[in-house]
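Subject: Structure handover and notes

Hello,

Here is the structure I promised to send over. Please open it next to this email as you read.

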Amino acid sequence: MNIQRNVVFALTLVGLWCAESFAASIIPHTRTKAKPGTSVNYVVYENYRTAGLSQPVTKKLKVLYDLAAPSYGAIKDTKMTVTTWGPASDALGYTEMTTEGHMYNGWSDNREPLMYRCWAVAAYNLYHYFYNKYKAEKTITFPSNFKPMTQDEMVFWGQNSGLGNSSIYTHPGYDAFQLLQGGDDADREAVFRKMFNRYAQSVYRPNVLDIASILSDLKKDKPVYISVPQHAMLIDAVAEDSEKRKLVHCVNFDNHGTEGYVYFDQLDIEGWVAYEKPSELIGSDTEFPVDKDSDNDGLCDFDEKYRFKTNPNGASTDRDALSDSLEIHAKIIRLQIDINYLYDPNTKAIEFLNLSSAYDKKSGRALEIEEILPEKKSNTDGDSYSDGYEDKNRNGLWDEGETDPYLPDIDKVTVSDNVPGSYTIYSLGLVELGKNVECWNSDSRPTYISYKNERRDYRPRYNGCRIASEYKGNDTYAVDLRENAHAGFIDSKGKVRLGDGSVAPFVYFYRADEEGSMTRSNSAIGYGHVFLGGGAWQYVVTKHAVYDTGTRDAYVYSGETLTITPSTPIRSLIVESGGTLVLGNGDLYVGTITLMAGSKVKLLDNTHRTNLHTCGVVNWKAAFVKPSDADVGDMTGQFALIQHATYNVNIDNKWYGSIYAPKSTIRLGTTKGISAYGRFLGGKVSVREQSVVYYSPLKRPAYAKMIAESDVAEPKAQFLEEPNFSAEVSGNMLTVGNIPNGHAVRVVDAQGKVISKMVSNGRELNIMLPTTGLYIVYSGSRYRMLTVK
């Protein structure tokens, strides 16, 4: 492309695939130009500063001057490739064009229009004002192959200051090549100089605009480009009402192409510029067009030349048998998911994919763009096989039976007692979320915010919890969200259903693209799904063996308290209403567990973890007793229930903690909806209607000594071997020995009340006990039980 530095107009944006022709239905809002002094009836937004476009009225106005510029909205007018939609690329149409320029109907399937490019839309409207004028007046003779510059091209060149040399794959929050974001003032200023004013050094003029200046510029055939808070648009006319109050006509109020008059004193103008009439216009690129795909690889020539730097005349630039567009798309959909790009062979860890900050982990050297783009490297992961060899069916996915072309061979992550990754719910089988279930990715429900005196719910979309299912069968849904159920990202090896009003922004299928994988109600909120291939699943879940719980049974009556320690396994545990169960630290082993409604459960303290193992049916209706100084994280960070057998885990009261039950069904809410804080892994997970599930992870170690260091602001935890200590009672005097220096000792009574806390100095500790009864002495997760008679 011959980009002339002295020409007024040149902007370009990146879009989706290459188009054979431009969209025929890009239609702006237009109106008849009014002569000065003419009285016309026109739409006026009287209270624009406070009410925006919500209160239009029709008024008779006297026109002072009018240029009648066209009012296009935000349009996607090429098939250039959007690189920042990640897994939503297919669902949002990353290679599609907008069907209607004014965007009232958004995309053809009612997706949201391309917002945040108002600065380019204003440039586009200004460009077309002059283009239409010159063409009608024949002021400029355009070449026979001339096509007006597209809005996509304008955005591209604008966000790259005409150079187009920024990284293609960057953080999704801002991408110089994407179609949604605007630029900052420096970007706009560079673009304005390039497009509109060959001599300008600083064309953006802030806070000095008045009606006299606007009229002066309009009479010189120069529409005024203005910036207001969070928006840019054109002024192309001035009028006054019957009281001589001045109004200006604004082009594209809202990126839908809406135009109308507004009172000048209602505009909060932050900056403005009026451009000299251009002597010529730059058209759409003819050497590498946006509407031509010379090698039929799915990328337009413009994309290949200026953005991806691939060969526009060769379908596979790196000659690995995978087309450029296939490899680019495969990389795009892996930008924001837990299948990652960088691999550390020392720790077998996979780093989160963020190619804008990619680096060589051994040397610390930043990686060059050529080193991380699969369309440029025939062997992206540097192993012994080309990308085309590893992706045997040439579909861009990591299917089962294949190796990943973008990662070297890696060890799967083995899970043994906790929920992997960032999941709240992980199931080896089915996941069912009942009617009106909410599942959040935090330990509290997101709050409402106020917007322009309205109370709006900003909870949906991206704050839902992450869910995984390994179920592969096609006989039923691996993940089933019932009516109005709310979740976040879903990873599934099987079919998924989103019921009426349910929310799940994205679904990642770890399977081949099969018809019927996704069933989605028309009223469900979900931005799309993507197929990644079964080989990409990262986790292997361990199923624990059943253990011997001995012959001891325990029944806790109303008013009684039972404390369980690692040294007291129980075959059958029943706590009736009014009874209290105290769970000590460490690994506790029980067979069947029945905690009746009205019973209570206390955790001994919130400094060390409690793992409650079970190999029988669990019916949990007890209420947790939460200390006044403990928050949700203290409770869930300390406690895990680990099921070794196939029996159900039934939770029917407010829950705090993780559940690891890979052989059995976890039922959160059996007779009623509940609140559950924690993380949950089961052979099947079912959440009863009206329940709310909150993500809150395990945090506490089994045993840790706190070491204060003078050069560290906060103490650090150092894991130590647990001591074997002695404890003897003489009268009411407790003597504790063999405690290493620096280790903590804690004494509690049968009700779980802490009697004494001490730190050993390496000598025997003497502790006076207050009364007769059962006492438990702790050091780490070791226990000694003593009775004072």
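First, the ground rules. This is a predicted model, so local features need pLDDT of at least 70, side-chain atom pairs count only at pLDDT 80 or more, and totals for chains, interfaces and linings use all residues. Residues are numbered from 1 along each chain as its sequence is written, and side-chain values use heavy atoms, with hydrogens and water left out.

**Strands around E5**

Helices (H or I, at least four residues) and strands (E, at least two) are DSSP runs, numbered from the N terminus. Two strands pair if DSSP finds at least two bridges between them.

Start with strand E5, residues 246–251. Five of its six residues are buried, so E5 is largely enclosed by the rest of the structure. Buried means under 20% relative accessible area, exposed means over 50%, and partly exposed lies in between (1.4 Å probe, protein chains only).

E5 pairs with strand E4 (residues 231–240) in the antiparallel sense, over six bridges. Val238 has Val248 in E5 as its bridge partner. The hairpin of E4 and E5 has five residues between the strands, and Lys244 there takes a positive phi near 70°.

E5 also runs antiparallel to strand E6 (residues 260–263), joined by four bridges. Cys250 sits opposite Gly260 of E6. Leu247 sits opposite Tyr263 of E6.

Next, E6. In a regular strand the side chains alternate between the two faces of the sheet. In E6, Gly260 and Val262 point one way, Tyr261 and Tyr263 point the other way, and all are buried. Strand E1 (residues 39–45) runs parallel to E6, with two bridges. Tyr45 is opposite Val262 there.

**Asp399**

Asp399 lies in the loop between helix H10 (387–390) and strand E10 (413–415). Is Asp399 buried or exposed? Asp399 is buried, at 7% relative accessible area. Setting aside neighbours within four places in sequence, Asp399 contacts Asn393, Ala512, Gly533, Gly534 and Gly535. Contact means heavy atoms within 4.5 Å. Asp399 and Gly533 are 134 residues apart in sequence, yet 3.9 Å apart in space, C-alpha to C-alpha.

**Surface patch**

Tyr555 belongs to strand E24 (residues 553–556). At 35% relative accessibility, Tyr555 counts as partly exposed. Together with Tyr557 and Met596, Tyr555 forms a nonpolar surface patch of about 280 Å² accessible area. Patch residues have over 30% relative accessible area and no salt bridge; nonpolar side chains (Val, Leu, Ile, Met, Phe, Trp, Tyr) are joined within 5 Å, like charges within 9 Å. A salt bridge is a side-chain nitrogen of Lys or Arg within 4 Å of a carboxyl oxygen of Asp or Glu. Areas come from the Shrake-Rupley method with a 1.4 Å probe; for residues, only the protein chains shown count as cover.

Best wishes
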